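Please read the following note with the sequence and the model open side by side.

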Amino acid sequence: MLYDRIFAGVFLVLSGLVAWTAYYFDVPFQYEPLGPKAFPIILSIILAACCIWMMIKPDQNTWHPTKEVLTKIVIGLVIMVLYAVLFEEAGFIISTTLVGTIFSWLFGEKLLKAFLYAFVLSLISYFLLADLMQLNVPTGLLFGDF
């Protein structure tokens, strides 16, 4: 119950930061019907609503994080920073495959299966985002983006 409220409080602050950043995000041209502000603001509103609900009505459990769980959380945060750093340079497919492989392996999948799942997921996601939704997704150095 306490951990639910701590988690919800941290993510409530994060949702506010996302909304604040997106609100002041300005681009010189409009390349999407809603613009680059709408999606992060909508997501931050949904995240904030879920966090408030979680703070009001936390789960009635007695779970406490173990050293293994805390280690996985820290490694996950480091991986997400790595993803943000690699995203532009390496591109969506490579960075998503790498991060997906590490996350899958971290949570118990065999390395080859983790790689194959992450690679297929990144390919499908790339084509859904780039072709179907027509979003600008970086292809990276390997595929000639630069």
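Predicted model: local features only at pLDDT ≥ 70, side-chain atom pairs only at ≥ 80, totals over all residues.

1. Helix α3 spans residues 67-90 and contains both Glu68 and Lys72, which are four residues apart, or about one turn of the helix. Glu68 and Lys72 form a salt bridge, with their closest N and O atoms 3.5 Å apart. The structure holds one salt bridge.

2. The two partners are placed in different accessibility classes. Glu68 has a relative accessibility of 52% and therefore counts as exposed, since the cut-off is over 50%. Lys72, at 21%, is partly exposed.

3. Aromatic pairs number eight in the model. In one of them, the ring centres of Phe7 and Phe11 lie 4.5 Å apart and the planes meet at 40°, so the pair is tilted. Phe7 and Phe11 are separated by about one helical turn because they stand four residues apart in helix α1 (residues 2-23). Phe7 is partly exposed at 43%, and Phe11 is likewise partly exposed at 28%.

4. A tilted pair is also formed by Phe92 and Tyr126, with 6.2 Å from centre to centre and 40° between the planes. This pair links distant parts of the chain, for Phe92 belongs to helix α4 (residues 92-106) and Tyr126 to helix α5, 34 residues apart. Both Phe92 and Tyr126 are buried. They belong to one aromatic cluster together with Tyr83, Phe87 and Phe127.

5. Where is Leu135 found? Leu135 lies in the segment after α5 (111-132) and is partly exposed, with a relative accessible area of 27%. Its C-alpha atom is separated by 33 Å from that of Gly108, 27 residues apart along the chain.

Note on methods. Residues numbered from 1 in each chain as written. Heavy atoms only, no water. Salt bridge = Lys/Arg side-chain N within 4 Å of Asp/Glu carboxyl O. Helix = DSSP H or I, 4+ residues; strand = E, 2+ residues; numbered from the N terminus. Buried < 20%, exposed > 50% of the residue type's maximum accessible area, 1.4 Å probe, protein only. Phe/Tyr/Trp six-rings, centres within 6.5 Å; stacked < 30°, edge-to-face > 60°.
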